[in-house]
Each structure stands twice: as structure tokens, then as C-alpha cells.
Amino acid sequence: MSTSARPAAAHGGPHLHWSLVVPVKVLARAKTRMAAAAGPHREALALAVAADTVAAALRCTRVRDVIVVTDDPLPAADLAALGARIVPDVPDAGLNPALVYGAGRGRELSPDAGVGALSADLPALRPDELARVLDAAAAEPEAFVPDAAGIGTTLYTARPGVAFAPAFGGGSRAAHRSRGAAEILLPATDSVRRDVDTPEDLRAALALGTGPRTAEVAARLPSLA
């Protein structure tokens, strides 16, 4: 099921606020598909991408909290300095349990807010585009945004009082659809879908316009010149 930019007021209003959970890998294991292109800058690139994603999410008017789930002290410190709340991956049982744990913390902080899981790989994220997507998601019990490739997911949301049950992993777009989550496909929201896993993805994100941290690290990569 897809949804357009219809008003969300019928289901609680367009001004629902959100706690977004952002999972950040230990940098030594991050961006492995960028190893050849990024070389010694791979970990710096992974941190830059996450920082630009979190910074943009924090600037979104619909976002009350950004909760970063990570066991790496370096991104924990950098992202906390931006204003994110940091929690460890206490379950240590994979991505979806980590997201559920983070969402639980979000609901403790803001019981009246929706909760969402946002990819840490969106360096071109625009706060206004994220706000439009979240307003559309406010009309649905559960919703998600597919990635640019149409296979994965960059954002999954659940309204207050709705069970938070993300299905990230291989083929998560199909998995979220099969569970009945509404697919959010709005025009001019490319920055919410453009995740970065490969050099080609990074080139596409740079063409959209990334945050300053990603742009600075990318400028050091000869393969992207």
C-alpha cells in the first residue's frame, strides 16, 4: 500500500512528533562495501555519513529526539555532541532487536510521540523532506519509506500505542509491506530514500548535496573525483 501527501489530521494531526532511532555500527565493521573506494578513509566516511544524517534529523521540526544505538565510543561521543541521545546495544542480538530497544527508550522519554527507525546512511537528508514524510506517516499505524533501489527501507515508523516491529534486513521493503505497513512514496523526497552503501550510492548522494562532513571526506577519495 502506498500513500500520497494527504493530510494526516484525520488520524491525529500533522503535528505528531517523533523519536527516531538511528543504529550506528562499530566503525571497524561499517561501510565495508566502500573499502576499495575509501581505503584508509572508510571509517571516517562512515562516521561522517552518520553525523550528517543525525544532524539533519535533529533539525527536522517534527523530530523531538534522535536516539543513537551504538557500541562504538567514537560515534557515540560525536553524535552526542550534536544533540543525540546515546544508548548501548544492550540486546546485542542484531539490528531489529537494537531498534526495538531504542524505540522503547524513546517511548519512555516521550510517550505521546511516534517512534521511527531511520537509516544512518542518509548523508543528503533534508529536514523539510523528512518532515513531509513523517507527516504522511502520522496518518498510518505503521509506515515505511523504501530505499532508492526499491529493495530496502530507510525509515520505518509506528504511531503512539502501536507495536514497533521493524523488519530490516535483506528485502525489507517486501517484508514491511507484507506486514501491512503503509509505503510512503512522496514526490521530491529523494533525500529520505538515498542511502549510501556503495561508491555509486555516494556519487548519487553527492549529486543531491550531502552534509558538510560527508562532502569533506568524499573530497579525499580519488576514486570519486
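Me: How many residues lie between E6 and E7 in the hairpin?
Reply: Six residues separate E6 and E7 there, and Gly150 in the turn has a positive phi of about 75°. The model is predicted: local features need pLDDT of at least 70, side-chain atom pairs count only at pLDDT 80 or more, and totals for chains, interfaces and linings use all residues. Residues are numbered from 1 along each chain as its sequence is written, and side-chain values use heavy atoms, with hydrogens and water left out.

Me: Parallel or antiparallel, E6 and E7?
Reply: E6 and E7 (residues 153-158) run antiparallel, joined by five bridges. Strands are DSSP runs (E, at least two residues) numbered from the N terminus, and two of them pair if DSSP finds at least two bridges between them.

Me: What does Phe144 pair with in E7?
Reply: Tyr156 is the bridge partner of Phe144 in E7.

Me: And in E8?
Reply: In E8, Phe144 has Glu183 as its bridge partner. Strand E8 covers residues 182-184 and runs parallel to E6, with two bridges joining them.

Me: Other topic: how many residues of E6 are buried?
Reply: Five of the five residues in E6 (142-146) are buried, meaning under 20% relative accessible area with a 1.4 Å probe, protein chains only.

Me: Which residues are on which side?
Reply: Glu142, Phe144 and Pro146 are on one side, Ala143 and Val145 on the other, and both faces are covered.

Me: Why the every-other pattern?
Reply: Because side chains in a regular strand alternate between the two faces of the sheet.

Key: Buried means under 20% relative accessible area, exposed over 50%, partly exposed in between (1.4 Å probe, protein chains only). Helices (H or I, at least four residues) and strands (E, at least two) are DSSP runs, numbered from the N terminus.
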